[in-house]
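Here's a quick briefing to read alongside the structure. Take a look at it first, then work through the notes below.

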Amino acid sequence: MSHSAYGKIWVAAQGALEDLIQKEIPAEPPRPQKDQQVAFHTLATFYVKYVQILRSLETVYDQIVHPQKRRVIRHVLDGVMGRVLELKREMVDLEFSEFHYYDDILQDLKLTPEDIEIPIPRYFVSEKIRVLKDRERILAQILAQAGPQELETKVNVKQLSLAEAVRLIQVSERARQGRLRAKFMKEIRQEEEKELQAKIRGVTTLDPDEASTRIQKVWRGYSQRKRTKKERLEEMIFLGMLPAPQQQQTSAARLQAQQVESTRHVVQEEHEVEFQHALVSIRETIRSLEGPDIKESLQEQIRQWFIECHDATGKFPDYPDEEDGGSAAIFAEKTPEQVAAELAAKEEEKEKKKKSKGKKDKKSGKKEKKKDKKGKGKKGKGDKEEEEQGWKMTPSNFLPTVVEGNKSYKDVWQGRDEGHNFSQRFDGELIKEEKRKEVEEEIRIQVDELMRQELKNLKLTVDREKGKKKKGKKGGKKKKKKKGKKGGKKKQKKEKDLTADRTIESLYEELVQEGLLIRPSRTKLTDFIGEYSYLGTTLRQADIEPMPSLSDVKQLMALYGILPLGSQAVHEKAPLMKTLLLAGPAGVGKKMLVHALCTETGANLFNLSSANIAGKYPGKSGLQMMLHMVFKVARQLQPSVVWIGDAEKTFYKKVPKAEKEMEPKRLKKDLPKLLKSIKAEDRVLIVGTTRRPFDADLKPFCKVYKKILLIPRPDYSSRLVLWSHVILQNRGLVTNALDLSSLAKITDGYTQGHMMRAVQAVLTDRRVQLQDKKPLTAVEFISPLARQDPIYKEEEEAFKTWYAKTPLGKKRAKAAKASEEDGESGKAGKSKGKKAGKKGKKKKKKKKK
């Protein structure tokens, strides 16, 4: 695609964004919405539209090469990402569910489920690719140094004597010869049986014409069947009922598009380097050429202000402090009289505050009594106000960012003529405008110092006034300093550094050697295969809570994990996520999601699973040191993910005897303390994975892991896609002989891990070579699947009942119960109304009689 094509996408995205801003910030504040369904529909519509804008802006930011445009797009992109997270939180608070379905909105907007998939911005990794490569190299070196020692301890090779080795070879060789002999004898017996049957039937030699006719019949039948099969296959591909065989290989057009994208990334880097050089050079030229003139004009303006204030008030004014903006406050389009009046008003306010402090203390008791009386008298009104309240959109932290980015786009780029800038390099005029302001601010600070001294000299010579107020100010400053010292002491107690004498590099190396910092596998979120749930809305309308699909889980992982960890601007303002729990049966892809989270954000992966930390850093002090080292490195080299596998073991109700030596509950007391220390600027996420959450004590477990994602086994549509993906991934060929639909149907209850093991068991090297002659069939995968235990209904129900006991599950159940009661009361009210109507009619009839 060309520069203009991406420019058009940007224009369309900004237009859609402006429409959304007008709806979100209307001229009149909207009334509270009492109907929950209408409120959710509003939120979901905003969410879907913001996701579409996010997808467009992410594509544009990745491919556009103009460095100044990219900065504006990045600002808006971060704002839109944050707004998507805020809307998701609103929907969760409204419906008390992590999973939502937008079928009706997608139909109205004529969109597909793929159009609302959360995109993962590629700049999360691309902008720090060098740092990640250096980190990978250092990690590989440390692991290489520690690798041979581990192998010596782990690998136990049984040494055989010469006689035992010869005997073993003889046994295997005799077995091989026996198999060959049996195969040869079987072929001989088959030939003898054929000859015997021919004698019994009395086969005689045929006439050449009849023999040729028979051969023609067989050949024509075979060729026609082959042609019919080929035509049927072509028809099915044309109708879209079967995928084309070319889709399994990357097309030439796609390869060319990928090449163009990579070249655009190279051009981006070149233009960015040029832009950075231009920023320095243009600033220096402005400072050298325009700096003296700016300095002179500022000094003349300030002197003129001195004279005008003296003429208007009869005395020279006080120079504004640096906190008030210095001389910038003077030139805010105000007259000298206005500036002098403002300064006088500030002084008067300070004096009034001092005087009114004593009066306020006396009157506070009387005011409180009056308030109590007013509150008692207006109880009825307060109740009415509460009844009138409904759902309202909470204030957004990201809407101002989006509005600001949209404004800068409209002011600078919307109507700008870019015809002359075909190669999309930086715009020098815009840099001059920005740098001129920066140079002016620098010079203004210098001029302020000079002019303060000049004003002081003027006052001494002309007015003969001495500043008595400055003494008071000094006293105030001393008091402030004392307060600051007290605050400093408290901070030092909290931030006690146990490894102050050590470098981050040494801590990093020690954590790698101890196995606490591990290398994440290169897994992307797109590798977590799952299909969209098309029955979610229908089931919810029928008051049936649907099991979430794997596609929904993938979306939530992007929202709760990848977007906040990838962007510092989003993490600081978005709803703070400190912990995340992935609960589900074995083999559903919990660990895979953890590794994908690290791969997509370039995060470090720390393993604090109970099995991994067993025996390491023993004792209380050792545990404190280990956690301190982990979180110190995690903060310094953020983003970081702290993974706790088998998270339920930390909160065991009762520790099994076999696991008592491992001390699985070591982290139970320290985890809540660590969570308090994680702040908005720390991009550190604690991710727990569990396959038996019902073994844990629920209260402390849910206090630590406040955000819980339940990962179910795959449904039919996901299994159908998974079988095809896993077979192709393991060098298999999907043909018409392989009935994937039946395979997906009979594997109900099996997870992705079961499917992977079955495919690996079937697709050996020899079977892969024989695929051309003997295509794969569904029957081959049944025997390896039968050796594995599926997920039974009892286990699935156990997960559902456990999730219903979590805080969010309880809220949802309570809300469902309340809605049922409201419905029943409504019916009861109608029936009472009917009975009252019947009684009234009977009374009227009696009166008439």
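A search of the whole structure turns up zero disulfides (pairs of cysteine sulfur atoms within 2.5 Å). Keep in mind that this is a predicted model, where local features need pLDDT of at least 70, side-chain atom pairs count only at pLDDT 80 or more, and totals for chains, interfaces and linings use all residues. Residues are numbered from 1 along each chain as its sequence is written, and side-chain values use heavy atoms, with hydrogens and water left out.

**Cysteines**
- Cysteine 309 is buried, at 1% relative accessible area (buried means under 20%, with a 1.4 Å probe and protein chains only).
- Cysteine 702 counts as buried too, at 10% relative accessibility.

**Helix H21**
- Among the buried residues of H21 are Gly622, His628, Phe631 and Lys632.

**The second largest pocket**
- This pocket (an open set of 1 Å grid points over the protein atoms alone, where a 1.4 Å probe fits, with protein on both sides within 12 Å along at least five of seven lines) holds about 1600 Å³ of space, the volume being that filled by probe spheres set on the points.
- Its lining has 39 residues, with Glu95, Arg540, Asp543, Glu545 and Arg812 nearest the centre; lining residues have an atom within 4 Å of a point.
- Helix H30 (807–848) is one of the helices supplying at least two lining residues, and H30 gives the most, with ten.

Key
Buried means under 20% relative accessible area, exposed over 50%, partly exposed in between (1.4 Å probe, protein chains only). Helices (H or I, at least four residues) and strands (E, at least two) are DSSP runs, numbered from the N terminus.
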